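Biologist: I am new to this structure, and I would like to learn how to read it with some care. Could you take me through it, term by term?

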Amino acid sequence: MSGCDARQGFAQPPTPSEPRSMKEQLAELERTGALPPLDRSSDIAGPDVDHNGIRDDIDAYIAALPVSEPVRQAARQRARVQQKSLLIDLNDRPALKALADASMASTACMSERSRAGFPPEQQEAARRNGSAITFKIEAITANTPERAERYMAYMRALHGTTTTLRRENACEDQ
């Protein structure tokens, strides 16, 4: 019998494929062009040739986003915050609080910029698209074990702190 197990008379279920690792998934995204090739050096900061506070590979990702320039500016603001989170002195409580506030501001800026110009019935979808960009920047900033561990150390250092959400002038370029 074709496709059947001769002992039982039933077709064998397909063998489930093994889940792909994060490394394999990132390699696929890079291969298809969904992500630029990411820096995987053990250097926490990574390359920033133009010294704009954004790792060069993340800068390339943002430049390639099919979004308006104001959304791209909000993405750059978020990327600078994420980069600083990897480099901040984890014992400097005032600096940690200031960076947490800057993180909230970058989130508010992205929300504002991503919704701008859309009619009310499309604003929620636009906000979700902005959030997706924010989360992607967070993920690709911590794309190596060293960076991920450092980001987790930053998050632990924030334990017990509060942040302030700016309602006005959340975007750096305002």
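Biologist: What does the chain average in pLDDT, and where is confidence lowest and highest?

Modeller: pLDDT is the predictor's confidence in each residue, on a scale from 0 to 100. The chain averages 87, and 89% of the residues score at least 70. Confidence is lowest in helix α1 (residues 22-32), with a mean of 79, and highest in α3, with 98. Over residues 1-8 the pLDDT is below 50, and this stretch has seven contacts in the model beyond near neighbours in sequence, where a contact means heavy atoms within 4.5 Å. Where pLDDT is low, the predicted coordinates should not be read in detail.

Biologist: How many helices and strands does the chain have?

Modeller: Both are DSSP runs numbered from the N terminus, helices being H or I over at least four residues and strands being E over at least two. The chain has six helices and zero strands, and along the sequence this reads as α-α-α-α-α-α. Of the contacts with a separation of 6 or more, 65% are between residues 24 or more positions apart.

Biologist: What percentage of the residues is buried?

Modeller: Buried means under 20% relative accessible area, exposed means over 50%, and partly exposed lies in between, with a 1.4 Å probe and protein chains only. Buried residues make up 34% of the 174 residues in the chain.

Biologist: How much space lies in the largest pocket, and which residues lie nearest its centre?

Modeller: Rolling a probe the size of a water molecule over the atoms shows where empty space is left. A pocket is found on a 1 Å grid over the protein atoms alone, as an open set of points where a 1.4 Å probe fits, with protein on both sides within 12 Å along at least five of seven lines, and lining residues have an atom within 4 Å of a point. Grid points are joined across faces, edges and corners, and the volume is the space filled by probe spheres set on the points. The largest pocket holds about 330 Å³ of space. Its lining has 24 residues, of which R78, S103, M104, T107 and T134 lie nearest the centre. Two or more lining residues come from each of α3, α4 (93-115), α5 (120-141) and α6 (145-157), and α4 gives the largest share, eight residues.

Biologist: Is Q77 buried or exposed, and what does its side chain meet?

Modeller: Q77, in helix α3 (residues 69-87), counts as buried because its relative accessibility is 3%. A polar contact is a pair of N or O atoms within 3.5 Å; within protein, one must be able to donate a hydrogen and the other to accept it, and residues adjacent in sequence count only if both atoms are side-chain atoms. For Q77, a polar atom of the side chain lies 2.9 Å from the backbone oxygen of A170. Beyond residues up to four places away in sequence, Q77 touches A105, S106, C109, A170, C171 and E172.

Biologist: Which residues have contacts with D39?

Modeller: R147, in helix α6, is one of them, and a polar contact of 2.4 Å joins the side chains of R147 and D39. R147 is buried because its relative accessible area is 0%, and its C-alpha atom is 6.8 Å from that of L86, 61 residues apart along the chain. N143, in the loop between α5 and α6, has a side-chain polar atom 2.8 Å from the backbone oxygen of D39. With a relative accessible area of 12%, N143 is also buried.

Biologist: Where does H51 lie, and what is its phi near?

Modeller: H51 lies in the loop between α1 and α2 (56-64), and its phi is near 55°, a positive value in a residue other than glycine. H51 is exposed because its relative accessible area is 70%.

Methods. Residues numbered from 1 in each chain as written. Predicted model: local features only at pLDDT ≥ 70, side-chain atom pairs only at ≥ 80, totals over all residues. Heavy atoms only, no water.
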